[in-house]
Amino acid sequence: MRDEERGILIIGIGNPHRQDDGVGIAVARALAACALPATVVVEQAMAGPALLELWQGFATVIAIDALAGGVSPGRWHVMDLHTELFPHRAAVDSSHGFGLVETIELARVLTMLPPALTVYGVEGAAFGFGEGLSPAVAKQVPALVVQICNNVRGLAGGAS
Amino acid sequence: MSKATAHRDAVSRSGRASTRNRTISIKVDALARVEGEGALTVKVRNGALKDVQLRIFEPPRFFEAFLRGRHYTEAPDITARICGICPVAYQMSAVHAMEAILGLQVTGPLRELRRLLYCGEWIESHVLHIYLLHAPDFLGYDDAIRMAADYPDEVQRGLQLKKVGNDIVTLLGGREVHPINVRVGGFYKLPTKAEWAPLIERLKWARDAALATVRWSAQLPFPAFEQEYEFVALRHPEEYPFNEGRLVSNRGLDIAVPDFEQSIAEEQVPYSTALHATIEQRGNYLVGPLARYSLNFDKLSPLAQDAARDAGLAPTCRNPFQSIVVRSIETLYACDEALRILQHYEAPEHPYLEATVRAGTGHGCSEAPRGSLYHRYTIDEAGIIQDARIVPPTAQNQKTIEQDLWHFIPPRLDLSKEELTWQCEQAIRNYDPCISCSTHFLRVEISDA
């Protein structure tokens with residue numbers, strides 16, 4: 001049994017060199033600075049099958065990733081992946097296309113989902129080359145961090 | 001009836017309308033389960049195949065142009081960015097070309113560590129293709145997620161095996177994707193012997209898993225499709241090739257790497273952003289696992305040779321559909337070779353060799369998972385790159401992929417259009433084509449001619 005058994009894993013996913021694609025990383029970095037109890041925070045440049053191994057042994061996994069094609073940049077959507085399916089069909093078209101949706105659906109098929117898995121999807125505005133979030137997305141990061149912090153503290157408190 | 005056969009029969013029964021004597025055109029606008037973006041157009045008129053075009057429309061990426069003006073030390077890191085699947089290959093071809101200019105000869109433990117890093121890349125790239133991209137073709141599934149529902153143990157084995165390859169690249173390369181620890185002359189920093197220790201035990205498991213992969217892949221249903229290829233790969237007198245050797249073929253090509261451009265011509269075709277390659281005076285050829293295996297069977301480790309024989313694979317393999325078995329054998333070899341290197345590993349005194357910059361032109365060729373990858377650079381006396389040329393394996397294989405389809409399609413014109421399209425895509429995926437690398441590729445179109 002790993003030390004993290006029954007702990008919480010937060011995964012920020014994205015590429016900070018592609019503007020709003022980096023929102024998952026920005027949120028993870030802010031959460032890492034919060035010293036949350038019983039929590040491990042990691043950054044992942046890409047989602048993919050490696051996540052299945054990464055989240056083994058954790059009771060709760062929280063993933064933060066950017067959403068493309070949204071209409072309200074900065075708005076976030078909370079998805080409980082044990083009770084919901086992603087709105088579009090997962091398909092492995094290439095390893096380049098093996099994203100969070102495909103990873104979670106593969107884990108579901110292989111019964112390798114963690115006991116609790118929540119995804120925070122943040123609508124982005126710009127995904128071009130360059131560092132820094134667009135103002136509308138950057139403005140929402142602190143509120144999202146507070147919400148996740150409160151959720152984690154509630155989970156950790158409940159477990160103790 | 002096996003799960004695979006049952007599923008496949010269901011697929012074959014769908015839409016039996018024959019394409020024989022018809023005029024059809026197959027168009028696959030986005031080829032799936034390949035790396036990057038490309039398409040296939042097939043035109044059949046009155047039951048005769050009239051045209052096959054493998055169209056690569058991923059935009060040119062101009063790497064050769066923006067290498068100009070950069071310092072020679074940057075080449076391995078810049079070219080690693082060409083591909084997220086085979087960055088090590090780009091790094092290796094780049095450093096060997098630069099070292100040829102500088103007169104550096106990397107030997108001993110540093111050379112072994114380069115082979116080890118390449119083992120990691122072969123394992124992760126081959127296993128990804130075997131389990132997640134290619135096996136669904138043979139078993140009749142749209143993708144690995146659907147396949148995993150019926151083959152959970154196999155897919156999990158694949159994921160764990162791939163992870164071992166990733167871990168080698170992470171530990172020695174500095175990170176899993178686009179490693180950053182390779183430099184001209186060696187490495188920036190080396191892991192300690194203690195850091196390698198846990199990997200040795202995992203590689204022992206990986207070697208068993210790779211052997212199981214060979215046995216599993218060998219019993220997949222392969223169409224009878226043997227082709228007369230000119231195989232081209234590196235050949236080294238003492239080892240299965242990664243970084244060094246002469247470029248040889250089964251039809252007499254036997255050249256030193258610097259003579260690549262005297263023997264291999266590249267030409268533009270209007271429908272592809274990747275150049276087509278041919279051997280001067282002869283035509284298309286094949287690089288990659290089939291070529292490497294068929295030209296170097298005797299250099300595989302005894303374990304890999306025995307596994308091939310037990311799997312019923314002859315020392316020469318001309319059926320591209322069996323490339324999944326050859327990739328499995330190369331994965332087994334890579335695990336075996338990685339173990340050999342680590343079990344004998346003694347840390348070098350320095351992580352790299354120092355070099356004094358000088359002007360010149362250098363050539364490098366190494367065996368990327370998909371085949372021979374050639375680089376040529378010219379640098380000035382300050383070490384600034386004046387000119388660069390990169391010839392990736394998928395670009396070299398384009399003409400051979402088309403040739404395969406010219407032979408593969410005519411006997412199958414009685415298939416439904418849907419089934420023929422599926423099989424054409426599978427024939428392309430035999431090559432594990434990396435379109436992103438080659439552009440400088442997959443959608444399939446079979447439509448009215």
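**A guided look at cavities, sheets and a few single residues**

Guide: Let's start inside: the largest cavity holds about 90 Å³ of space. Keep in mind that this is a predicted model.

Visitor: Which residues line the largest cavity?

Guide: They come from chain B: B:Leu286, B:Val287, B:Gly288, B:Pro289, B:Leu290, B:Pro320, B:Ser323, B:Arg327, B:Arg370, B:Asn397, B:Asn430 and B:Tyr431. Two elements of chain B give two or more residues to this lining, helix H10 (289-296) and helix H12 (323-343).

Visitor: And what is the lining of the largest cavity like by class?

Guide: You'll find 6 nonpolar, 4 polar and 2 charged residues there.

Visitor: You mentioned H10(B). Why is it said to be largely enclosed by the rest of the structure?

Guide: Burial is the thing to look at, and a residue is buried when its relative accessible area is under 20%. In H10(B), 8 of the 8 residues are buried, so the rest of the structure largely encloses this helix. Among them are B:Arg292, B:Tyr293 and B:Asn296.

Visitor: What does H10(B) lie across?

Guide: It lies across S6 and S7 of chain B, and runs at about 50° to S6(B). Those strands belong to an open sheet of 3 strands, in the order S6-S7-S8 (chain B), with antiparallel pairing. Strand S6 (232-235) and strand S8 (254-255) of chain B are at the edges with a single partner strand each, so each has one side without a neighbour in the sheet.

Visitor: How many bridges join S7 of chain B to S8(B)?

Guide: There are 2 bridges between strand S7 (residues 246-249) and S8(B), and the two run antiparallel.

Visitor: In what sense do S1 and S2(A) pair?

Guide: Strand S1 (residues 8-13) of chain A pairs with S2(A) in the parallel sense, over 6 bridges. One to look for is the bridge from A:Leu9 to A:Val40 in S2(A).

Visitor: Where do the side chains go in a strand?

Guide: In a regular strand they alternate between the two faces of the sheet.

Visitor: What stands out about the phi of A:Ala35?

Guide: Phi of A:Ala35 is near 45°, a positive value in a residue other than glycine. You'll find A:Ala35 in the loop between H1 and S2 of chain A. Its relative accessibility is 66%, so A:Ala35 counts as exposed. A:Thr111 also has a positive phi, of about 50°, although it is not a glycine. A:Thr111 sits in the loop between helix H3 (100-109) and S5 of chain A, and its 71% relative accessibility makes it exposed too.

Visitor: How do S2(B) and S3(B) go together?

Guide: They form a hairpin with 2 residues between them, and B:Asn46 in the turn has a positive phi of about 50°. S2(B) is joined to strand S3 (residues 48-56) of chain B by 5 bridges, running antiparallel. In strand S2 (residues 38-45) of chain B, 6 of the 8 residues are buried, so this strand is largely enclosed by the rest of the structure.

Visitor: One last stop: which residues does B:Lys399 touch?

Guide: Leaving out residues up to four places away in sequence, B:Lys399 touches B:Glu267, B:His276, B:Ala277, B:Thr278 and B:Asn284. B:Lys399 is in helix H13 (residues 393-408) of chain B, and counts as partly exposed at 23% relative accessibility. Along the chain, B:Lys399 and B:Gly283 are 116 residues apart, while their C-alpha atoms are separated by 8.8 Å.

Methods:
Residues are numbered from 1 along each chain as its sequence is written. Chains are lettered from A and ligands numbered from 1 in the order in which they are written. This is a predicted model: local features need pLDDT of at least 70, side-chain atom pairs count only at pLDDT 80 or more; totals for chains, interfaces and linings use all residues. Side-chain values use heavy atoms; hydrogens and water are left out. On a 1 Å grid over the protein atoms alone, a cavity is a set of points where a 1.4 Å probe fits but cannot get out, and a pocket is an open set with protein on both sides within 12 Å along at least five of seven lines; lining residues have an atom within 4 Å of a point. Grid points are joined across faces, edges and corners, and a volume is the space filled by probe spheres set on the points. Helices (H or I, at least four residues) and strands (E, at least two) are DSSP runs, numbered from the N terminus. Ala, Val, Leu, Ile, Met, Phe, Trp, Tyr, Cys and Pro count as nonpolar, Asp, Glu, Lys and Arg as charged, and the others, Gly among them, as polar. Buried means under 20% relative accessible area, exposed over 50%, partly exposed in between (1.4 Å probe, protein chains only). Two strands pair if DSSP finds at least two bridges between them. Contact means heavy atoms within 4.5 Å. Axes are lines fitted to C-alpha atoms, for helices over the stretch in contact, and angles run from 0 to 180 degrees between N-to-C directions.
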